[in-house]
Amino acid sequence: MKKTIAVLPGDGIGPEVVGSALRVLDQLAEQFNHQFDYTFADIGGCAVDQHENPLPDQTLDVCRQSDAIILGAVGGPKWDQLAPEMRPEKGLLKLRKELQLFANLRPVTCFESLLDASPLKPERIKGVDFIIVRELTGGIYFGEPRERKGEGSDELAIDTLTYTRHEIERIVRKGFELAQVRRGKVTSVDKANVLESSRLWREVVERVAADYPDVSYEHMLVDNAAMQLIRQPAYFDVVVTENMFGDILSDEASMLTGSLGMLPSASLSAVGPSLYEPIHGSAPDIAGTNKANPLATISSVAMLLKYEFGLEEEARVLDEAVSAVLESGVRTADLAKEGEAQASTDEVTDEVIKQLNHIRV
Ligand code: NAD
Ligand code: IPM
Ligand code: MN
């Protein structure tokens, strides 16, 4: 198979973890006889520095012309004081909107070999395997107006939370479709006791659910959901929710697996190529130190192979290699036990490649 991939390393640890993921992808391509051609492009703070724009047109063009997109992370203290339009994060948000990346899938899988890495008790997280389906192009991230008012613009700040029926329906359908091929259970998370947008969300869920009689579903308020994710994480199968709730709950859920550095994601487009990125950020505190956990990005590549290119076998082999690395006890600092050896980003990547070599097909 011959495919083109847009590669957007971004800022902080972005280039480090993306570098790892590409080394792994090259190895897989060789083993399975595929050709993946990469086109690199700037996004975020590095794009501000180079082009005075967090999402240059050229980057958008490269993405549109590719079969899939890999992204590292954007942002960092260097750019935190810039005007809202110039912020690195704005580049990522614009990219999501422009490419209509409305469905962000964030699987949360607890590896048996990492049961000791989570702050939660092993018996609580054993067997945890759910997916957060986060709406990614609507809600308070994009609603208008978004402004400051008053003298000196420091008297009043306004953000707006809107959802159309269409936006809700397409993400909820995605959740039900996923439940059909998983364990058949949807938990829709909202704040319908307070928010009008959540009340519309609930109505849409009820209507959509009627089309999926084989899937059971429930509504859960987001504050309760935040608690239940810790109390009984193995209870969940598919969690479908709006943009900001999904952002927050997924960082929380990452600690069930042991680290934020473990969670991959796929941002599926309604119209064109989709984007694959770890859920974590640019981790300025460890950037440039070869300490970042590359597994979230490597697992995002497995999602890319499966969802974008239909390469199920390749994705399975890569997931197995990641699992084998964890079983071998090689861990970056975020996962390592106190007093135990901490592997570098490069060493973990080497291990994944070594395991791929073992799982010869
Ligand atoms: P963060 O996710 O970058 O880091 C939070 C903590 O987790 C840090 O201590 C960091 O060292 C650790 N961490 C994150 N990824 C790790 C990995 N792969 N391996 C080991 N440790 C890891 O969140 P933050 O510090 O709140 O934000 C830093 C910057 O990243 C901000 O500018 C923020 O806007 C941006 N950000 C970008 C994205 C994205 O590009 N998708 C996502 C989240 C945050
Ligand atoms: C994420 C990040 C982004 C978000 C930021 C950087 C805009 O936290 O991808 O989870 O909030 O969506
Ligand atoms: Mn986030």
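Here are some notes on the predicted model above, point by point.

1. Ground rules. Residue numbers start from 1 along each chain as its sequence is written, while chains are lettered from A and ligands numbered from 1 in the order in which they are written. As this is a predicted model, local features need pLDDT of at least 70 and side-chain atom pairs count only at pLDDT 80 or more, but totals for chains, interfaces and linings use all residues.

2. The sheet. Ten strands make up an open sheet with mixed pairing, in the order β2-β1-β3-β12-β11-β4-β5-β10-β8-β9. At its edges sit β2 (35-40) and β9 (216-221), each pairing on one side only. Strands here are DSSP runs of E with at least two residues, helices are runs of H or I with at least four residues, and both are numbered from the N terminus. Two strands pair if DSSP finds at least two bridges between them.

3. Strand β4. Take β4 (residues 103-109) next: five of its seven residues are buried, so the strand is largely enclosed by the rest of the structure. Buried means 20 or more other C-beta atoms within 10 Å of a residue's own, exposed means 12 or fewer, and partly exposed is in between, with C-beta atoms placed from the backbone. β4 pairs with β5 (residues 129-135) in the antiparallel sense, over seven bridges; there, P107 has I131 as its bridge partner. It also pairs with β11 (residues 266-268), again in the antiparallel sense, over three bridges, and in that strand N104 is partnered by S267. When you look at the side chains, remember that in a regular strand they alternate between the two faces of the sheet.

4. β8 (residues 185-190) and β9 run parallel, joined by six bridges. In this pair V189 stands opposite M220 of β9.

5. Ligand 1. What surrounds ligand 1? The shell holds 22 residues, and the closest are G75, G261, H280, G281 and N293. A residue is taken as near a molecule if its C-beta atom, placed from the backbone, lies within 6 Å of it. By class, the shell has eleven nonpolar, seven polar and four charged residues.

6. Ligand 2. The shell of ligand 2 consists of G75, E89, L92, L93, D247, I279 and G281. Helix α4 (residues 88-98) supplies the largest share of it, three residues. Three of the shell residues are nonpolar, two polar and two charged.

7. Helix pair α1/α12. Helices α1 (residues 14-32) and α12 (residues 345-358) pack at about 15°, and their axes are 10 Å apart. That angle makes α1 roughly parallel to α12. Angles under 35 degrees count as roughly parallel, over 145 as roughly antiparallel, 65 to 115 as roughly perpendicular and the rest as oblique. The axes are lines fitted to C-alpha atoms, for helices over the stretch in contact, with angles from 0 to 180 degrees between N-to-C directions. The crossing is right-handed, meaning the near helix is turned clockwise from the far one by less than a right angle, with anticlockwise being left-handed.

8. For α10 and α11 the packing angle is about 160° and the axes lie 7 Å apart. This makes α10 roughly antiparallel to α11, and their crossing is left-handed. The loop between α10 (295-307) and α11 (312-327) contains E308. Is E308 buried or exposed? It is buried, with 20 other C-beta atoms within 10 Å.

9. Backbone spots to check. The E144 to P145 peptide bond is cis, with omega near 0°, and P145 belongs to strand β6 (residues 143-149). N33 is not a glycine, yet has a positive phi of about 65°; it sits in the loop between α1 and β2 and counts as exposed, with 7 C-beta neighbours inside 10 Å. N290 also has a positive phi, near 60°. This residue lies in the loop between β12 (275-276) and α10 and is partly exposed, with 13 other C-beta atoms within 10 Å.

Key
Nonpolar A, V, L, I, M, F, W, Y, C, P; charged D, E, K, R; others polar.
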